[in-house]
Structures are given as structure tokens and as C-alpha cells.
Amino acid sequence: MKVKICGITNVHDAEYSIKKGAEFIGVILDYSVKRHGTEDLIKEIKNIKKTGVVGVYTSMPDANEINEDIIQLHFDHSPGDVKYIKNVLKKNVISVIDISKNDYLERIDEYKKAGSDYILLEDRSGIVNRMDDLRNIDLTGIGLAGKISPENVSNILSLNPEFIDLSSSLESEIGKKSEKRIDELFIKLGEKNALKQY
Ligand SMILES: O=C(O)c1ccccc1N[C@@H]1O[C@H](COP(=O)(O)O)[C@@H](O)[C@H]1O
């Protein structure tokens with residue numbers, strides 16, 4: 001299982017997350033969001049990590065400057081939007097689906113058919129509240145997000161998702177990650193891995 005740390009606003013937090021083992025680094029590209037970053041920041045992160053750098057969009061990206069290798073469509077998008085990113089912009093895609101909406105299973109199929117590389121199922125009120133629904137889904141290629149924290153991550157691991165996505169629970173203040181919280185996360189993940197071997 002991979003880890004995506006999102007809402008990165010500075011190189012130091014990206015570097016620390018990568019050093020600790022995050023496979024995906026997410027930068028939100030929407031100035032109205034407090035924990036946002038910029039394409040310049042993404043360029044700097046790409047100097048440290050060649051792949052797995054994610055630009056998070058709340059509307060369709062403008063094709064002018066895209067430095068990230070993965071585009072996260074964090075809004076209600078169409079299969080056609082996925083095809084455009086894949087075929088015209090030639091980038092990998094994470095399609096975000098709000099699991100609190102009734103049609104999320106159909107959406108997973110639609111986005112997979114359109115070519116999304118990953119699906120991210122999100123429940124903003126807390127994905128751990130959806131354990132019963134998630135147990136019935138094959139989570140290959142599917143990540144989970146929504147208030148995941150070092151405290152509740154063990155529950156999520158039993159579902160074996162492709163990746164987990166964390167942001168606010170790892171902050172010391174909005175837009176600044178806490179090294180202590182990142183350490184706590186990876187210690188928890190390490191403990192779980194160690195237990196699996198017995
Ligand atoms: O964090 C935000 O405010 C945000 C705004 C717009 C798009 C995405 C946003 N956050 C993303 O949501 C998931 C889960 O975050 P959390 O762990 O529940 O805080 C993650 O991808 C964030 O980057």
C-alpha cells in the first residue's frame with residue numbers, strides 16, 4: 001500500500017514526506033484553498049522526486065503550464081475530461097469520487113473505462129465511517145481519503161487499498177506539515193507491516 005501526502009505548500013514538507021516514504025506528493029492548485037501550492041513549487045519538488053508528484057485541481061486544468069506527472073481531478077468530472085487529460089495533456093489521472101453520493105460504484109466503472117490510472121474514494125466527513133461499504137469493493141487501483149490520521153489508519157489498512165491519502169491530520173497549522181505527525185504515521189504503518197509477518 002502506498003502513501004500520498006497532500007496539501008503540500010513548501011519544499012521542506014515535500015522533502016520530509018519523501019524521506020519518510022510517501023510515494024505520492026500532492027500540491028493543491030487552487031488559490032482559494034488555504035493549503036495551496038504553485039506550479040513553481042511542483043517544479044522544485046520534481047527536482048527531488050521524478051514521479052508521483054500530483055497536481056490537485058478543483059476545475060479542469062489550463063494546459064499552459066503543467067509540471068506534475070499526475071493530475072488529480074478533485075471535482076465532479078466527466079469520462080471525457082479523463083480522456084482529455086490522458087490523450088491530449090498526456091498525464092496520468094487520479095479521479096476523485098465522493099463516496100457519500102449514491103452512484104459511486106457506477107462512477108468507478110466509468111472512470112476506469114475512460115482510462116483513469118487511479119480512483120480516489122473520498123468521504124470528507126471521514127472515510128472510516130464507510131468501512132462496511134468499502135469491505136465489499138476490490139480496492140485494486142483505488143485509494144482512500146477523508147480525515148485519515150495516524151490514530152485511525154490501522155482500521156483502513158485492513159481494507160488493503162492501493163493507497164491512502166492524508167492531509168489535514170498531518171498539519172501543525174493549515175498549510176504546514178508536522179514532522180512529528182508524519183513520523184507517527186509511518187511508525188504506525190511500520191508496526192502494521194511488522195505484525196503481518198507473523
Ligand atoms: O484540503 C483541502 O482543503 C482541499 C481542497 C480542495 C481539494 C482537495 C482538498 N483536500 C484533499 O482532500 C483529501 C483528504 O484530505 P484530508 O486528509 O481529509 O485533510 C486530500 O487529497 C487533500 O489534499
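Student: In this predicted model, which hand does the crossing of helix 3 and helix 4 have?
Tutor: Helix 3 covers residues 79–87 and helix 4 covers residues 104–114. Where these two helices cross in the predicted model, the crossing of helix 3 and helix 4 is right-handed.

Student: How is helix 3 oriented relative to helix 4?
Tutor: The axes of helix 3 and helix 4 cross at roughly 30 degrees and come within 8 Å. Angles under 35 degrees count as roughly parallel. Therefore the orientation of helix 3 to helix 4 is roughly parallel.

Student: Which residues of helix 4 make the contact with helix 3?
Tutor: From helix 3, the contact is made by Pro79, Val82 and Lys83. By class, the residues of this contact divide into 4 nonpolar, no polar and 2 charged. On the side of helix 4, the contributing residues are Glu110, Tyr111 and Ala114.

Student: How far apart are the axes of helix 1 and helix 2?
Tutor: Helix 1 spans residues 11–20, and helix 2 spans residues 39–48. They pack at an angle of about 30 degrees, and the distance between their axes is 10 Å.

Student: How is helix 1 oriented relative to helix 2?
Tutor: The packing angle of helix 1 and helix 2 is about 30 degrees. Because angles under 35 degrees count as roughly parallel, helix 1 is to helix 2 roughly parallel.

Student: How many charged residues does the contact of helix 1 with helix 2 have?
Tutor: Helix 1 contributes Val11, Ala14, Glu15 and Ile18, while helix 2 contributes Leu41, Glu44, Ile45 and Ile48. Of these contact residues, 6 are nonpolar and none is polar. The number of charged residues is 2.

Notes
Residues are numbered from 1 along each chain as its sequence is written. This is a predicted model: local features need pLDDT of at least 70, side-chain atom pairs count only at pLDDT 80 or more; totals for chains, interfaces and linings use all residues. Side-chain values use heavy atoms; hydrogens and water are left out. Axes are lines fitted to C-alpha atoms, for helices over the stretch in contact, and angles run from 0 to 180 degrees between N-to-C directions. Helices (H or I, at least four residues) and strands (E, at least two) are DSSP runs, numbered from the N terminus. Angles under 35 degrees count as roughly parallel, over 145 as roughly antiparallel, 65 to 115 as roughly perpendicular and the rest as oblique. Contact means heavy atoms within 4.5 Å. Ala, Val, Leu, Ile, Met, Phe, Trp, Tyr, Cys and Pro count as nonpolar, Asp, Glu, Lys and Arg as charged, and the others, Gly among them, as polar. A crossing is left-handed if the near helix is turned anticlockwise from the far one by less than a right angle, and right-handed if clockwise.
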